[in-house]
Structure formats: structure tokens, C-alpha cells
Amino acid sequence: MRAVVQRVKRSSVKVDGEVKGAIEKGFNVLLGISKDDTISDLKYIKDKILNLRVFEDENDKMNLSILDVKGELLIISQFTLYGDCRKGRRPNFMEALGGEEAKVLYDEFLELFKEDDIKVQCGVFGADMEVEIINDGPVTLLLESKKTF
């Protein structure tokens with residue numbers, strides 16, 4: 001599982017011109033699911049997201065987590081995070097999990113956050129989405145459960 005985590009002042013996602021999810025201060029998370037992902041990958045990425053210390057404390061040091069600042073999450077499925085561009089000019093998506101199998105894992109990932117005291121919004125799985133991101137910093141981090149980078 002891969003995630004691009006961006007600290008944002010606000011973010012929203014639209015489908016066909018209609019806002020489907022919107023947050024204020026927190027993280028915009030673009031989430032890619034691979035063919036090899038399991039529930040342990042979901043839990044690993046969730047734990048990393050909730051405990052990343054990238055929000056400033058009273059001394060302007062990145063020392064607080066999204067839980068500490070009562071931030072919000074906008075989680076958007078992003079199939080193309082598994083696009084392999086090492087050869088040729090067209091990305092190879094052979095490692096990405098697609099279709100209903102990926103939707104099941106995406107929905108399970110969203111469910112994991114219900115036990116936490118945090119607002120979670122999402123996009124529409126598989127839809128053509130328009131994402132607005134107002135970066136804060138900017139702070140952008142790459143996470144991967146298999147730790148290949």
C-alpha cells in the first residue's frame with residue numbers, strides 16, 4: 001500500500017461538480033493499493049498517518065500528530081500510485097489492485113478510522129475526481145507498507 005500524505009489547510013474532492021468530501025486543517029491522503037496488500041498493510045499505513053509528527057508545537061517544531069491537533073482526513077483512492085514508469089513512456093500498472101477487490105480494501109481502510117476520534121472524508125472509488133488541495137508548508141510525505149523506498 002502506498003500513500004501520499006499532504007498536510008493541508010483545506011482540501012476537497014468533487015465528482016461531476018458536486019463536493020463529495022471536504023476537510024479543514026489535516027491531511028489529504030492519496031491511497032494506492034497493490035495486488036499484495038493485506039489488512040496488515042492497511043493497519044500499518046493507518047498507524048503511520050495518525051502518528052506522523054508533522055504539525056507545529058508551541059515552539060514551531062514539527063512535533064504534533066494529526067490526533068494532537070484534532071485535524072481531519074480526506075482519503076482518496078489513487079490507482080496511479082502504482083504506475084511503474086521505469087521503462088518506456090507509458091506507465092505499467094501491473095502491481096496495482098483494481099476493481100472490486102481494491103474497493104473492498106479501500107472501504108476496509110476507511111472503516112479502520114471509525115475507532116479513532118477524527119473526521120474522515122473520502123472521494124468516490126473509481127470515479128473521475130477533481131481534487132483541490134491547499135498545501136500547508138508544503139509538507140508532503142510518501143508512505144509505503146512494503147518499505148521499498
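K20 forms a salt bridge (a side-chain nitrogen of Lys or Arg within 4 Å of a carboxyl oxygen of Asp or Glu) with E18, the closest N and O atoms being 3.5 Å apart. The model is a predicted one, in which local features need pLDDT of at least 70 and side-chain atom pairs count only at pLDDT 80 or more, whereas totals for chains, interfaces and linings use all residues. Residues are numbered from 1 along each chain as its sequence is written, and side-chain values use heavy atoms, with hydrogens and water left out.

On the scale of relative accessible area (buried under 20%, exposed over 50%, partly exposed in between, with a 1.4 Å probe and protein chains only), K20 is partly exposed at 38%, and E18 is likewise partly exposed at 46%. The whole structure holds twelve salt bridges, among them that of R7 with E56, at 3.2 Å from N to O. Since R7 belongs to strand β1 and E56 to strand β4 (residues 55-56), this pair ties together parts that are 49 residues apart in sequence; strands are DSSP runs of E of at least two residues and helices runs of H or I of at least four, numbered from the N terminus. R7 is buried at 3% relative accessibility, while E56 is partly exposed at 36%. A further salt bridge joins the side chains of D107 and K103 at 2.8 Å, N to O, and these residues, four apart in helix α2, are separated by about one helical turn. Salt bridges with shared partners also join R7, E56 and D136 into one network.

Helix α1 comprises 13 residues (39-51), for which 1.5 Å a residue predicts a span of 18 Å, in agreement with the 18 Å between its end C-alpha atoms; the expected span is 1.5 Å times one less than the number of residues. Its buried residues are D41, L42, I45, K46, I49 and L50. Seen down the axis, the buried residues of α1 fall within an arc of 155 degrees, so they line one face of the helix, the arc being that of the directions from the helix axis to the C-beta atoms. D41 itself is buried at 5%.
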